[in-house]
Amino acid sequence: LRIALAVDSFIYFANIRPNYKWGYCCNTVVYAYTRPDRPEYCVIFWDTKNNEKHVKYVKSLLSITTFGDFCILATKVDENAPQAFNIVLSMETTGKDMEQLRKQEAQYALVLCNSIGTPLDSKYIDIEPLFVTMTKT
């Protein structure tokens, strides 16, 4: 998006670029965007070798972090959602995870996914994940 602003006898030009959430793991590009018809983020897992795409919808996505074969989706827990905590809409949440969330009253969720977007593990935390990184250990 390019804008121009005129003030007195000066003209200021600016290029505005959105801060995209994306990552690359195991020949897969993981990126997120918002659609006008849905309130959630649309997270795409695009396998660049096979040209296959897997779509997941995530509420309140904060960041995408990748390393090796895995990806972490950091989200904010929606406490006012009518569904059961509504952390990640299209991903399975086990009863054990729900119980952990109730006990901790967590505000944020970290969901570990593989390269096709299948959730492998989740962790609920009560501090805001301002920065998320992954290592091989």
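**Close-up views of a predicted model**

**View 1. Leu5, Val7, Phe10 and Tyr12 make up a nonpolar patch on the surface, with about 410 Å² of accessible area together.** The structure is a predicted model, in which local features need pLDDT of at least 70, side-chain atom pairs count only at pLDDT 80 or more, and totals for chains, interfaces and linings use all residues. Residues are numbered from 1 along each chain as its sequence is written, and side-chain values use heavy atoms, with hydrogens and water left out. A patch consists of residues with over 30% relative accessible area and no salt bridge, where like charges are joined within 9 Å and nonpolar side chains (Val, Leu, Ile, Met, Phe, Trp, Tyr) within 5 Å. Accessible areas come from the Shrake-Rupley method with a 1.4 Å probe; for residues, only the protein chains shown count as cover. At least two residues of the nonpolar patch come from each of β1 (2–7) and β2 (10–15). Strands are DSSP runs (E, at least two residues), numbered from the N terminus. Valine 7 belongs to strand β1 and is partly exposed, at 36% relative accessibility. For relative accessible area, buried means under 20%, exposed over 50%, and partly exposed in between (1.4 Å probe, protein chains only).

**View 2. The open sheet β3-β4-β5-β6 has 4 strands in that order, with antiparallel pairing.** Its edge strands, β3 (21–25) and β6 (52–58), each pair on one side only. Neighbouring strands of this sheet are turned by 20° against each other on average, direction ignored. Axes here are lines fitted to C-alpha atoms, and angles run from 0 to 180 degrees between N-to-C directions. Two strands count as paired if DSSP finds at least two bridges between them. Strand β4 (residues 28–34) and strand β5 (residues 41–47) run antiparallel and are joined by 7 bridges. Opposite tyrosine 33 stands cysteine 42 in β5.

**View 3. The model has 2 aromatic pairs, counting rings of Phe, Tyr and Trp (its six-membered ring) whose centres lie within 6.5 Å.** One of them joins tyrosine 31 and tyrosine 33, whose ring centres are 6.3 Å apart and whose planes are at 20°, so this pair is stacked. Planes under 30 degrees apart count as stacked, over 60 as edge-to-face and the rest as tilted. Tyrosine 31 is partly exposed, at 26% relative accessibility; tyrosine 33 is also partly exposed, at 35%.

**View 4. The count of salt bridges comes to 2.** A salt bridge is a side-chain nitrogen of Lys or Arg within 4 Å of a carboxyl oxygen of Asp or Glu. Side chains of opposite charge can pair when their charged atoms come close. Aspartate 37 and arginine 35 meet through their side chains at 3.5 Å, N to O. Aspartate 37 is exposed, at 56% relative accessibility, and arginine 35 is partly exposed, with a relative accessible area of 30%. Glutamate 40 forms a salt bridge with arginine 38, and their closest N and O atoms are 2.9 Å apart. Glutamate 40 is buried, with a relative accessible area of 8%, whereas arginine 38 is partly exposed, at 31%.

View 5. Strand β7 (residues 61–67) is mostly covered, with 5 of its 7 residues buried. β7 and strand β8 (residues 70–76) run antiparallel and are joined by 6 bridges. Threonine 75 in β8 is the bridge partner of leucine 61. 6 bridges also join β8 to strand β9 (residues 108–113), in antiparallel fashion. Across these two strands, isoleucine 72 has leucine 112 in β9 as its bridge partner, and cysteine 71 stands opposite cysteine 113.

**View 6. Two hairpins contain a glycine with positive phi.** The hairpin of β7 and β8 has 2 residues between the strands, and glycine 68 in the turn has a positive phi of about 60°. In the hairpin of β9 and β10, 5 residues lie between the strands and glycine 117 takes a positive phi near 90°. β9 and β10 pair in the antiparallel sense over 6 bridges, with leucine 110 opposite lysine 123 in β10.
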